[in-house]
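These are my notebook entries on a single model. I looked up contacts, rings, cores, backbone angles and charged pairs in turn.

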Amino acid sequence: MRDYQRKCRMRIAVALGAATMLFSMGGIARAEDLVNTGYFGDVAIKGYDPVAYFTENKAVEGSAKYSHRWLGATWHFASAEHRDLFMREPSKYAPQYGGYCADGVSFGTVTTNIDPKAWRIIDGKLYISYDPGAADGFEKNPNKVVDSQKHWSEVQQTLVTEKLHTNWQASAE
């Protein structure tokens, strides 16, 4: 009985926390909660340079020497020029869906593990996937882009709820 009551209190606290956070943000998840930095650390897209996908048409590892903080994450770049381009127009170069797997988002799921070499630029926007096959499928099926846009708001809610739950558990310990 005691365990049941504790679990109920925990669920209520998580729900209230999520409701409070969503209410205070007008029902929209904060952008800094939605950048994929993997399971550890705070580096976006595993340290790859988001500008290079557009300027060099390939995945290029960035360097901490050329980094910039944006949306609560550290972004690495291959050069100061790329960093400066990103700083002027970050939304032009940043991957869609905060760098979470675009193919996963098209199914309404969160896939944190990505392969920065599995990417596509479609209609001027960068999409990253968990493997090359998913990136190919995403590019070849135009409905995937439409589906991912349709599911993104529910994926955002999942990400915010998971972050709240994780933060609440950490503070309760």
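**Entry 1. Contacts of D147**

I began with D147, which touches V105 and S106 when residues up to four places away in sequence are not counted; contact here means heavy atoms within 4.5 Å. The model is a predicted one, in which local features need pLDDT of at least 70 and side-chain atom pairs count only at pLDDT 80 or more, while totals for chains, interfaces and linings use all residues. Residues are numbered from 1 along each chain as its sequence is written, and side-chain values use heavy atoms, with hydrogens and water left out.

I placed D147 in helix α7, residues 142-172; helices (H or I, at least four residues) and strands (E, at least two) are DSSP runs numbered from the N terminus. D147 has a relative accessible area of 26% and is therefore partly exposed; buried means under 20%, exposed over 50%, and partly exposed in between, with a 1.4 Å probe and protein chains only.

**Entry 2. Salt bridges**

I next looked up the salt bridges, of which the structure holds seven. The criterion is a side-chain nitrogen of Lys or Arg within 4 Å of a carboxyl oxygen of Asp or Glu.

One of them joins D103 and K144, with the closest N and O atoms 2.8 Å apart. Because D103 lies in helix α5 and K144 in helix α7, this pair ties together parts 41 residues apart in sequence. Both D103 and K144 are buried.

Another joins E139 and R120 at 2.9 Å, N to O. E139 belongs to helix α6 (residues 132-140) and R120 to strand β3 (residues 119-122), so parts 19 residues apart in sequence are tied together. E139 is partly exposed at 41% relative accessible area, whereas R120 is buried at 19%. I recorded that R120, D136 and E139 form a network of salt bridges.

D84 is partly exposed, with a relative accessible area of 30%.

**Entry 3. Aromatic pairs**

How many aromatic pairs are there? I counted rings of Phe, Tyr and Trp (its six-membered ring) as paired if their centres lie within 6.5 Å, with planes under 30 degrees apart as stacked, over 60 as edge-to-face and the rest as tilted. The count comes to nine.

The W75 and F86 rings have centres 5.2 Å apart and planes at 35°, so this pair is tilted. W75 sits in strand β2 and F86 in helix α3 (residues 80-88), so the pair ties together parts eleven residues apart in sequence. W75 is buried at 1% relative accessibility, and F86 is buried at 0%.

I found Y97 and Y127 also tilted, at 6.0 Å centre to centre and 45° between the planes. Y97 is in the loop between α4 (90-93) and α5 (102-106) and Y127 in strand β4 (residues 125-128), 30 residues apart. Y97 is buried at 7%, as is Y127 at 2%. Ring pairs also link W70, W75, F77 and F86 into a cluster.

**Entry 4. Nonpolar cores**

I took a nonpolar core as a set of buried Ala, Val, Leu, Ile, Met, Phe, Trp, Tyr and Cys residues joined through side-chain atoms within 4.5 Å. The largest has 17 residues, and those with the most contacts inside it are A44, I45, Y53, W75, F86 and I128. β2 and β4 each supply at least two residues of this core, and the largest share, three residues, comes from β2.

With neighbours within four places in sequence left aside, A44 is in contact with V35, N36, T37, A73, T74 and W75. A second, separate core of 13 residues includes Y97, V105, Y127 and F138.

**Entry 5. Hairpin and positive phi**

I noted that β1 and β2 pair in the antiparallel sense over five bridges; pairing requires at least two DSSP bridges between the strands. W70 has A73 in β2 as its bridge partner.

Which residue of this hairpin takes a positive phi? L71 does, near 55°, with two residues between the strands. L71 is partly exposed at 27%. K46 likewise has a positive phi, of about 55°, although it is not a glycine. I located K46 in the loop between α1 (2-24) and α2 (52-55), where K46 is partly exposed at 48%.
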